[in-house]
Amino acid sequence: MLSSAEIFFRRPLAETDPEIAGALLEERSRQIEQVELIAPKNYMSRACREVFTSLIPFTSVEGYPGKRYHAGIANIDRIERLAMDRACRMFGAAHANVQPHSGTQANQAVYFSLLEPGDTVLSMDLSSGGHLSHGLRSNMSGRWFRTVSYGTDATGFIDYEQLADQAHMHRPRLIIVGGSAYPRTIDFAAVASIAKEVDAMTLADISHFSGLVVAGCCPSPFPHIDIVTTTTNKNLRGPRGGLIVCRDEQVGRRIDSSVFPGIQGGPLPEMITAKAVCFGEALDPSFRDYAERVLAAARAMAEALAAAGFGIVTGGTDTPLVLVDLRGTGLTGDVAQAFLERHGITTNRNLVPGDTEKPNVTSGIRIGSSAIAARGMGAEEGRELGQLIGTVLRRASQEGVAGDGDPAVIERVKQFAAEFPIDG
């Protein structure tokens with residue numbers, strides 16, 4: 001008879017918790033059979049996934065390499081140093097902090113390292129493509145600090161003149177660029193020039209295109225911007241987590257103190273380890289091929305949807321993001337999202353510039369190409385997916401969303417998923 005300890009270590013999930021095991025199997029089937037176009041989502045390599053089945057998640061640490069508060073940390077120190085070094089090499093940075101649990105916490109750490117409660121921050125408003133952690137009133141960043149915003153012009157591009165006017169009027173301590181739904185490259189030099197005029201620090205949140213920066217497919221914020229934050233799960237193809245890199249070692253030390261003990265306790269060793277692995281993968285020359293397919297697929301989808309008569313914010317994209325403006329089609333973002341999912345295509349409803357709908361309704365959908373490129377798709381597949389999305393949306397706008405959808409599209413999406421498997 002097995003002891004209680006042996007049962008604890010050996011009993012499989014299907015026996016211990018069949019309900020959870022069943023849900024995991026269903027989720028596995030969903031991911032294998034559907035085409036994932038939700039911008040923040042991606043897959044990890046087998047190498048990254050092996051980290052989570054190792055013994056590393058059982059460790060516990062606090063502090064930084066060489067300055068820990070626990071024993072038994074020599075291997076974690078080695079791993080974290082590797083992750084920091086690789087992050088600096090990826091972005092040409094002087095300092096890296098790999099401990100943030102998410103992109104939002106990375107942004108919080110920057111706030112708390114540079115600002116005092118009540119200080120002014122200038123950032124892009126949410127409907128123009130900004131992110132909630134850049135000062136949305138319902139977020140901590142908006143409750144503890146004063147946020148003023150800039151937006152986009154009539155064509156959907158950043159209004160740099162408005163940004164400059166707002167900076168001179170409000171004299172912010174921090175200017176933020178980047179966000180979650182802005183599809184074009186950013187003029188980092190222009191932003192840095194404006195910041196210098198008002199003596200502000202600068203932060204670039206490049207979560208949605210950091211992999212393209214690493215691969216040289218998108219302009220880098222350095223040397224113009226002071227601090228860069230990103231998630232590690234989008235087109236860096238790593239675990240869900242955050243990363244902060246900066247070009248000044250002294251600023252980096254302030255950020256370290258803000259991460260720990262400022263806003264976090266112990267980091268997650270398994271996440272740091274998986275980050276180190278994905279950073280190593282991103283430094284490999286083959287990563288550029290992936291990044292090029294990300295960009296090519298996004299542009300092909302945008303072109304196909306524009307040709308089908310749908311509005312594309314800014315008319316195209318320089319990133320993995322495509323923002324579709326549904327105004328004039330009779331559809332809202334929530335309805336389009338649900339109807340596309342019925343066809344095996346997952347997207348997300350999203351605000352578009354000048355949107356008057358509520359955030360849980362919206363007038364647009366956001367499409368991302370990071371996950372399909374990880375499966376091996378490129379421009380050709382992106383173009384056909386754009387055409388399929390157009391077919392589904394036209395049917396929804398003309399015939400309504402009742403019923404089971406278009407059988408031909410559903411079958412073609414299943415074929416796509418089978419042709420580009422994610423597992424094995």
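Biologist: How does Arg 89 count at 53% relative accessibility, as buried or exposed?

Modeller: In this predicted model, Arg 89 counts as exposed, since its relative accessibility of 53% is above the 50% cut-off for that class. Asp 85, by contrast, has a relative accessibility of 39% and therefore counts as partly exposed.

Biologist: Which salt bridge joins the side chains of Glu 384 and another residue?

Modeller: Side chains of opposite charge can pair when their charged atoms come close. In this model the side chain of Glu 384 meets that of Arg 412, at 2.7 Å from N to O. This pair links distant parts of the chain, for Glu 384 is in helix H16 whereas Arg 412 is in helix H17 (residues 407-419), 28 residues apart. Glu 384 is partly exposed, with a relative accessibility of 26%, while Arg 412 is buried at 18%. Elsewhere, salt bridges that share partners bring Glu 27, Arg 30, Glu 36 and Lys 41 together in one network. The count for the structure comes to 19 salt bridges.

Biologist: How many residues are in the largest nonpolar core, and which of them touch the most other members?

Modeller: In soluble globular proteins, nonpolar side chains tend to be buried together. The largest nonpolar core in this model has 60 residues, of which Met 90, Phe 91, Leu 163, Ile 175, Leu 243, Val 245 and Phe 279 touch the most other members. Helix H5 (residues 74-91) supplies the largest share of this core, seven residues. Another core lies apart from it and has 31 residues, among them Ile 312, Phe 339, Leu 388 and Phe 416.

Biologist: Which residues of helix H14 are buried?

Modeller: In helix H14 (residues 333-342) the buried residues are Gly 333, Ala 336, Gln 337, Phe 339 and Leu 340. They pack against strands E13 (345-346), E14 (348-350) and E15 (364-368), and against helix H16 (379-399). Just after H14, Gly 344 adopts a positive phi of about 85°.

Biologist: What does Gly 382 touch, not counting residues up to four places away in sequence?

Modeller: Leaving out those sequence neighbours, Gly 382 touches Ala 297, Ala 300 and Met 301. Gly 382 is found in helix H16 and is buried, because its relative accessible area is 0%, under the 20% cut-off.

Biologist: Where does Ser 128 lie?

Modeller: Ser 128 lies in the loop between strand E5 (120-124) and helix H7 (140-144), and it is buried, with a relative accessible area of 7%. Apart from neighbours within four places in sequence, Ser 128 is in contact with Gly 151, Thr 152, Ala 181, Tyr 182 and Pro 353.

Biologist: How many disulfides does the structure hold?

Modeller: The structure holds zero disulfides. Cys 217 is in no disulfide either, with the sulfur of Cys 218 as the nearest cysteine sulfur at 8.3 Å. Both cysteines are buried, Cys 48 at 0% relative accessibility and Cys 217 at 19%.

Biologist: Which residues make a nonpolar surface patch?

Modeller: Leu 13, Ile 20 and Leu 24 make a nonpolar surface patch of about 260 Å². Leu 13 belongs to helix H2 (residues 13-16) and is partly exposed, with a relative accessible area of 39%.

Key:
Residues numbered from 1 in each chain as written. Predicted model: local features only at pLDDT ≥ 70, side-chain atom pairs only at ≥ 80, totals over all residues. Heavy atoms only, no water. Patch = residues over 30% accessible without salt bridge, like charges linked within 9 Å, V, L, I, M, F, W, Y side chains within 5 Å. Areas by Shrake-Rupley, 256 points an atom, 1.4 Å probe, with all protein chains shown as cover. Salt bridge = Lys/Arg side-chain N within 4 Å of Asp/Glu carboxyl O. Helix = DSSP H or I, 4+ residues; strand = E, 2+ residues; numbered from the N terminus. Buried < 20%, exposed > 50% of the residue type's maximum accessible area, 1.4 Å probe, protein only. Disulfide = S-S within 2.5 Å. Core = buried A, V, L, I, M, F, W, Y, C linked by side-chain atoms within 4.5 Å. Contact = heavy atoms within 4.5 Å.
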